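Good morning, and thank you for coming. Please look at the sequence and the structure on the screen while I describe them.

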Amino acid sequence: MFFSAKPKNFFIDFTEQVVLLARTSKESVPFVIEEIVECVPSDSAALTDVIKAIQTAKSPSGYMHAVCGIHAPRRVVRKITLETKRLKEPEYLNEVTAQQLRIDPEQYSLAILNPLQGVDYDLSKATQKDAIICGLPIADINLSQDNLLASGVYPESMELSSVASVGAMIDYLNFSKIKTPVLMLEIEAEITNSFIVTSAGLEASRPIPQGLEAMIPVMKKELGLKDEASARKLFLSNTFDFTGMGSVLIKKLIKELQSSIGFYEVQTGQSIAQVACTLLPSKLGWLENAIAADLGVAVLKADIPAWLQSKQITLADSVPSGAQDIRRLGLFGLMVQYNNSHAIVSEKV
């Protein structure tokens with residue numbers, strides 16, 4: 001099938017909780033973000049309608065050409081340690097991937113990056129023992145492409161939104177001259193991806209098998225609800241103030257986070273000062289405050305519009321303030337163009 005070339009002035013970020021779509025005034029900076037809209041990913045009809053509505057002109061191909069970010073559940077973004085002397089061994093990378101990430105590398109599309117600059121790791125020099133492996137199963141890539149096309153979107157490129165978010169966070173810390181480490185969390189249904197980020201790069205990463213679903217049975221017990229379905233519906237609604245029981249709901253997650261933070265602080269001598277939750281929908285915003293309180297750190301108050309302005313990206317007056325916060329970092333990370341003097345992580349799949 002032939003697709004005519006179109007300007008890449010549409011950006012889509014698919015997360016577990018929400019699909020974010022943005023239209024910009026043109027393909028490359030400087031540009032204006034003219035509109036940001038969102039919808040529930042499970043509502044395919046609503047997604048199709050939103051995709052049609054955000055386009056100012058109909059595409060000749062019938063598809064909206066866009067830069068796409070995906071949060072596939074089985075994605076991998078991990079900082080690992082390499083034995084540089086063994087990098088020339090044909091099976092070494094597969095071996096270390098299987099051992100440290102516990103995945104079958106044959107089933108994945110993977111890239112190895114420098115954790116400071118975010119560029120491809122130079123295997124020929126192999127002078128640095130730290131590296132970042134990122135990617136996702138080939139089957140998930142194919143499924144994501146099929147789903148995009150079925151929704152009326154032709155992906156000009158597909159990127160791991162987690163990688164775009166980490167890169168954007170590193171650049172924001174540079175822009176804000178924040179020198180202390182930030183704990184960046186992607187809390188999803190079954191898992192929480194934890195990243196420790198500084199202005200120098202990605203310091204540590206870890207997937208934690210504790211997500212939103214682990215809080216449901218605890219909430220059911222605390223409120224005396226009859227079943228988990230009722231608890232889940234209440235949890236995901238915006239009709240109940242969970243602030244008072246926040247510490248109880250996140251107890252297991254906090255224990256895991258404290259373990260990761262403690263190990264990092266002992267190894268580096270640096271203390272985590274702030275936390276940022278990039279994927280939480282606004283109705284679950286109280287979770288970020290609860291996590292910060294239990295960890296004894298502050299919530300990162302990011303000035304996203306000022307940072308975007310420094311990247312020659314302007315938000316139109318019509319873009320609501322609620323669409324300009326840290327929860328959209330993955331979407332904005334797809335748009336930003338970096339110079340090589342900043343530590344950045346970026347990878348397409």
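Let me begin with a term: two residues are in contact when heavy atoms lie within 4.5 Å. Please also note that this is a predicted model, in which local features need pLDDT of at least 70 and side-chain atom pairs count only at pLDDT 80 or more, while totals for chains, interfaces and linings use all residues. Residues are numbered from 1 along each chain as its sequence is written, and side-chain values use heavy atoms, with hydrogens and water left out.

I turn to the protein as a whole. Its secondary structure comprises eleven helices and 14 strands; helices (H or I, at least four residues) and strands (E, at least two) are DSSP runs, numbered from the N terminus. The radius of gyration is 20 Å, close to the 20 Å that the globule rule gives for 349 residues, so the protein is as compact as a globular protein of that length. Here the radius is taken over C-alpha atoms, and the rule is 2.2 Å times the number of residues to the power 0.38. Of the 349 residues, 50% are buried, that is, under 20% relative accessible area, with exposed meaning over 50% and partly exposed in between (1.4 Å probe, protein chains only). Among contacts between residues at least 6 apart in sequence, 65% join residues at least 24 apart.

Next, helix 2. Which residues of helix 2 are buried? In this helix, residues 92-101, they are Tyr92, Val96, Thr97 and Leu101. They cover an arc of only 130° around the axis, which puts them on the same side of helix 2; the arc is that of the directions from the helix axis to the C-beta atoms. These buried residues pack against strand 5 (76-81), strand 6 (108-113) and strand 7 (130-137). After helix 2 comes Arg102, with a positive phi near 55°.

Helix 9, residues 286-295, is largely enclosed by the rest of the structure, because seven of its ten residues are buried. Among them are Trp286, Glu288 and Leu295. The buried residues of helix 9 pack against several elements, including helix 8 (251-268) and strand 12 (274-277).

Finally, consider Gly69, which belongs to strand 4 (residues 64-70). Gly69 counts as buried, because its relative accessibility is 0%. Leaving aside neighbours within four places in sequence, its contacts include Ile12, Glu159 and Leu334. Gly69 and Ser157 are 88 residues apart in sequence, yet 8.4 Å apart in space, C-alpha to C-alpha.
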